[in-house]
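Hi,

Here is the structure I said I would pass on.

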Amino acid sequence: MVDHGPRVGNRVALTFDADMTDGMLHSLRSGRVRSYANLRILDLLEREQVPATFFLTGKWVQRYPEVTRRIAGNPRFELANHTYGHLAFTGDCYDLPRLPASGMTEDVAKTFRVIEPYGGRQTRYFRFPGLCHDKAALDALAPLGLTVVDGDVVSGDPFAKAWQPLVRAVLDKARPGSIVIMHVTEANASMTDEALPHILAGLRERGLVPATLSEVLAGG
Ligand SMILES: [Zn+2]
């Protein structure tokens, strides 16, 4: 289990979670929400050739196969696992419905089966919804041989009303080896793409360079 890499060198990992719940799918179907895939983030990362790591839920991948192909097709992007339907692995986790302990191993294994056919830079990195976990959850996932990744820099982008606090949150905390947690979910994190250019500029000013999670965890 890691929440940052070695504190050496100048690299930081930008990570983007792609949440998808049944409730979110319902919002899309009803037309209340237009998109949970923030393509402006991808446009920017691609244009600036910035490495990043995407923690994908299985349901997001199934809803956005084209976007997933685009992520997998970028040699600077890594793909990681964020569960199948973003259910809670503990009680009392941001009001997320709870996944029974008996279903945990299969939930995460199934998600790898959904992501892996897309190829690209596949990893065994995994992030719990809401970062909520306990010993029972960790025990359930032990057979899968994965690395549980939290993060040491929480941008606070879900449901943010302005971009400036996100920039401040990231730049105040980021240092060598940091793992920055953001979201690519657009409607639920609508300020992230506006904050990102300022975050990239601020990291540059501090001499910090975005890298993939693998590179950051390897150090240097
Ligand atoms: Zn999430």
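**Notes on the model**

Leu131 is found in the loop that runs between strand 4 (121-126) and helix 6 (135-141). Keep in mind as you read that this is a predicted model. I picked Leu131 to start with for its backbone: phi is near 60°, a positive value in a residue other than glycine. Most residues other than glycine have a negative phi. With a relative accessible area of 28%, Leu131 is partly exposed, since that value falls between the 20% and 50% cut-offs.

Asp95 is another one for your backbone check. Its phi is also positive, near 60°, and again the residue is not a glycine. Asp95 sits in the loop between strand 3 and helix 5 (104-115). Its relative accessibility is 80%, so Asp95 counts as exposed.

Now the metal. Which residues hold the zinc ion? The protein donors are Asp19 through OD, and His82 and His86, each through NE2, at 2.1 to 2.3 Å from the ion. Along the chain, these donors are spaced as D-x62-H-x3-H. Both histidines, His82 and His86, are buried.

On to the aromatics. The structure holds six aromatic pairs. One of them is Phe54 with Phe77, an edge-to-face pair with 5.0 Å from centre to centre and 65° between the planes. Phe54 belongs to strand 2 (residues 52-56) and Phe77 to strand 3 (residues 77-81), so this pair ties together parts that are 23 residues apart in sequence. Buried or exposed, then, for Phe54? Phe54 has 0% relative accessibility, so this residue counts as buried. Phe77 also comes out at 0% relative accessibility and counts as buried.

The charged end of Lys110 sits over the ring of Tyr84, 4.0 Å from the ring centre. Arg127 lies over the face of Phe55, and here the distance to the ring centre is 4.2 Å.

Where does Glu78 sit? Glu78 is in strand 3, and with 2% relative accessibility this residue counts as buried, because buried means under 20%. From Glu78 to Ala195 the separation is 117 residues in sequence and 21 Å in space, C-alpha to C-alpha. Asp172 is in helix 7 (residues 164-173) and is exposed, at a relative accessible area of 63%. Asp172 and Val153 are 19 residues apart in sequence, and their C-alpha atoms are 8.9 Å apart in space.

Cheers

Key: Residues numbered from 1 in each chain as written. Predicted model: local features only at pLDDT ≥ 70, side-chain atom pairs only at ≥ 80, totals over all residues. Heavy atoms only, no water. Donors = N, O, S within 2.8 Å, 3.2 Å for Na, K, Ca; no water. Buried < 20%, exposed > 50% of the residue type's maximum accessible area, 1.4 Å probe, protein only. Phe/Tyr/Trp six-rings, centres within 6.5 Å; stacked < 30°, edge-to-face > 60°. Helix = DSSP H or I, 4+ residues; strand = E, 2+ residues; numbered from the N terminus. Lys NZ or Arg CZ within 6 Å of the ring centre and 35° of its normal.
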